[in-house]
Amino acid sequence: MYRKIYLKRGKEESLLRFHPWIFSGAIDSQDEGIEEGEKVNVFTSAGNFIAMGHYQKGTIAVRVLSFHDNQVEEGFWHEKIRSALEMRKAIGIADNPQNNTYRLVHGEGDGMPGLIVDCYGHTAVMQAHSVGMHKDRHHVARALVDVMDGAINNVFYKSETTLPFIKGDGQENGFLYGGDESDVALENGLRFHVDWLHGQKTGFFVDQRENRVLLEKYSQNRNVLNMCCYTGGFSFYALRGGAALVHSVDSSEKAIQLTNDNVALNFPHDPRHQAFCDDAFKFLDKAERIYDLIILDPPAFAKHRGALHNALKGYTRLNGKAFEMIKKGGVIFTFSCSQVVTKDMFRNAVFTAAAQAKRKVRILHQLHQPADHPINIFHPEGEYLKGLVLYVE
């Protein structure tokens, strides 16, 4: 039996609506000695069972794994991962010969709060965002290999930067299963290297796949600037779309090297592409006004609410620079991946930038995360990626 937590009176309302988080302020009492990452049963003030999940210190005290009174055994993880895989097959993203790159597990969106699994060919990169998922990593990895039934030969664990330090508990990055270090994956027929060890997230921004496809359609004969390019995903889609030139910019030398490597995989010795290691604002200050398609996909400006004000100012400033220097009739793809920045906040920041730059702007598309990054209907906080495609006169 798991140890018990009791809620304050009335604090079960969100759980009755199947929200998967229990905040520390909702807890009335709990058994002594509950350790971080331990599984707990949660009861209402009247003593009725309501949820089971991982306990963690902090604002979010329990991440719910189930609203049923059951024990977490091997079959539990098998069923969770099988359900996630069936959904990816239903939307045509798994078992696609032109695309072996997709998100298999998206945290709360797949009923596994604190867990991310991205598939790159025969390798799954697993990332824990809660101590509970870290402690269960070996059980999850075994279930993952079993359910994938030969489609996954390697499970790489990458959680050093997503967890608080846990002394002596195997937090370092490394293979939990297999060990094949082949790092070339396929997305919509294009190849790219995945930096599992040192790269951001799981090594590639899987969530921009459909938005890269859209960008490709706008790239014909355009001069493209890919700001904060990371590993160059938008850049090599633009090249395939027939761009006249593509300039990729990132402040990380490692990212620029990966961008050049990825472009070379698909378009070796293509003179249309150049990459620059530079700060985004400094590059935009000195760049010539030659671009008519600009991508703004910066890392999260706000990872918590305390940084929200500065983040919105950052989005306004970055978009303002792009509005000032894009050619008449140009198109801007602009994004925010900060979860605490809502769609309305982001749109207002971009609109403010357009007004300050005195450019006439129209919205062509409103973008979001793809279907393999599902949003639990009871957990709207799971909607984190938002984007706009803008026509600038």
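Q: In which helix does K343 lie?
A: This is a predicted model, in which local features need pLDDT of at least 70 and side-chain atom pairs count only at pLDDT 80 or more, while totals for chains, interfaces and linings use all residues. Residues are numbered from 1 along each chain as its sequence is written, and side-chain values use heavy atoms, without hydrogens and water. Helices (H or I, at least four residues) and strands (E, at least two) are DSSP runs, numbered from the N terminus. The helix that holds K343 is α10.

Q: Which residues is K343 in contact with, leaving aside its neighbours within four places in sequence?
A: Contact means heavy atoms within 4.5 Å. Neighbours within four places in sequence are set aside. That leaves E383 and K386.

Q: How far apart in space are K343 and T44?
A: In sequence, 299 residues separate K343 from T44. In space, taken C-alpha to C-alpha, the two are apart by 34 Å.

Q: At what angle do α5 and α6 pack?
A: Axes are lines fitted to C-alpha atoms, for helices over the stretch in contact, and angles run from 0 to 180 degrees between N-to-C directions. Helix α5 covers residues 209-218 and helix α6 covers residues 233-240. Their axes are 8 Å apart. The packing angle is about 35°.

Q: Which residues of α6 does α5 meet?
A: From α5 come N211, R212, V213, L215 and E216. They meet G233, F234, Y237, A238 and R240.

Q: How many residues of the contact of α5 with α6 are nonpolar?
A: Ala, Val, Leu, Ile, Met, Phe, Trp, Tyr, Cys and Pro count as nonpolar, Asp, Glu, Lys and Arg as charged, and the others, Gly among them, as polar. Two residues of this contact are polar and three are charged. The nonpolar residues number five.

Q: Why is α6 largely enclosed by the rest of the structure?
A: Buried means under 20% relative accessible area, exposed over 50%, and partly exposed in between (1.4 Å probe, protein chains only). Seven of the eight residues of α6 are buried, so the helix is largely enclosed. They are G233, F234, S235, F236, Y237, A238 and L239.

Q: What is the bridge partner of R103 in β8?
A: Six of the six residues of β7 are buried. β7 and β8 (residues 115-120) pair in the antiparallel sense over five bridges. R103 has as its bridge partner D118.

Q: What is the bridge partner of M126 in β10?
A: β9 (residues 123-128) and β10 (residues 154-157) pair in the parallel sense over four bridges. The partner of M126 is Y157.

Q: What is the angle between the planes of F276 and F283?
A: Rings of Phe, Tyr and Trp (its six-membered ring) pair if their centres lie within 6.5 Å; planes under 30 degrees apart count as stacked, over 60 as edge-to-face and the rest as tilted. The structure holds 16 aromatic pairs. F276 and F283 form a tilted one, 5.5 Å centre to centre. The angle between their planes is 45°.

Q: Is F283 buried or exposed?
A: F276 is partly exposed, with a relative accessible area of 27%. For F283 the value is 7%, so F283 counts as buried.

Q: Which helices does the pair of Y315 and F346 tie together?
A: The ring centres of Y315 and F346 are 5.5 Å apart and the planes are at 85°, so this pair is edge-to-face. Both residues are buried. Their places are 31 residues apart in sequence. The helices are α9 (residues 308-325) and α10 (residues 343-357).

Q: Where is H269?
A: Most residues other than glycine have a negative phi. H269 has a positive phi, near 60°. H269 counts as exposed, at 80% relative accessibility. Its place is the loop between α7 (253-266) and β16 (273-277).

Q: What is the phi of K358?
A: K358 is in the loop between α10 and β19 (361-368). K358 counts as exposed, at 74% relative accessibility. Although K358 is not a glycine, its phi is positive, about 55°.

Note on methods
Pairing = 2+ DSSP bridges.
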